[in-house]
Amino acid sequence: PRFVPARRVPATSVVGRDTELEALGDEYERCRNGALRIAHVHGESGIGKTALLRAFAERLARRHGAHAYRGACHMVASVPYRGLDVLMDV
């Protein structure tokens, strides 16, 4: 049989997460109107939180020219406010 190599699916095609993407989009619109918002994305390891946020950031970049900075907090980091350390590095 002939095998066709699998295509890489872009992060923007997150399947079955329309509700979550819409909720993030609603929060973004509130920010654009001057509100301060924090979206806490949580769940078990491996359920696609990173893919969801990557897809959302890519959509914002395409639609609004928005920039999203990504990073990771590492337990072995020895700086205060590890989540903000990545932003300083960028």
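Which residues make up the largest nonpolar core? In this predicted model, that core has 7 residues: Leu21, Leu24, Tyr28, Leu52, Phe56, Leu60 and Ala66. Helices H1 and H2 each supply at least two residues of this core.

**Overall architecture**

- The chain contains 3 helices and 0 strands, and its pattern along the sequence reads α-α-α.
- Of the 90 residues in the chain, 14% are buried.
- Among contacts in the chain with a separation of 6 or more, 55% join residues 24 or more positions apart.

**Packing of H1 and H2**

- Two packed helices are described by the angle between their axes and the distance between the axes.
- Helix H1 spans residues 18–32 and helix H2 spans residues 49–64; their axes come within 11 Å and cross at roughly 50°.
- The crossing in which H1 passes H2 is right-handed.
- On the H1 side, the contact is made by Glu20, Leu21, Leu24, Gly25, Tyr28, Glu29 and Arg32; on the H2 side, it is made by Leu52, Leu53, Phe56, Arg59, Leu60 and His64.
- Sorted by class, the contact of H1 with H2 comprises 7 nonpolar, 2 polar and 4 charged residues.

**The nonpolar core and Leu24**

- In soluble globular proteins, nonpolar side chains tend to be buried together.
- Leu24 is one of the residues of the largest nonpolar core.
- When residues up to four places away in sequence are not counted, Leu24 touches Ala39, Val41, Leu52, Leu53 and Phe56.

- Lys49 lies in helix H2, and Lys49 is partly exposed because its relative accessible area is 21%, a value between the limits of 20% and 50%.
- Apart from neighbours within four places in sequence, Lys49 is in contact with Val41, His42, Gly43 and Glu44.
- Ala57 is also placed in helix H2; its relative accessibility is 18%, so Ala57 counts as buried, the cut-off being under 20%.
- The C-alpha atoms of Ala57 and Ala68 are separated by 6.0 Å, and these two residues are 11 residues apart along the chain.

Definitions and conventions:
Residues numbered from 1 in each chain as written. Predicted model: local features only at pLDDT ≥ 70, side-chain atom pairs only at ≥ 80, totals over all residues. Heavy atoms only, no water. Axes fitted to C-alpha atoms, helices over the stretch in contact; angles between N-to-C directions. Helix = DSSP H or I, 4+ residues; strand = E, 2+ residues; numbered from the N terminus. Left-handed = near helix turned anticlockwise from the far one by under 90°. Contact = heavy atoms within 4.5 Å. Nonpolar A, V, L, I, M, F, W, Y, C, P; charged D, E, K, R; others polar. Core = buried A, V, L, I, M, F, W, Y, C linked by side-chain atoms within 4.5 Å. Buried < 20%, exposed > 50% of the residue type's maximum accessible area, 1.4 Å probe, protein only.
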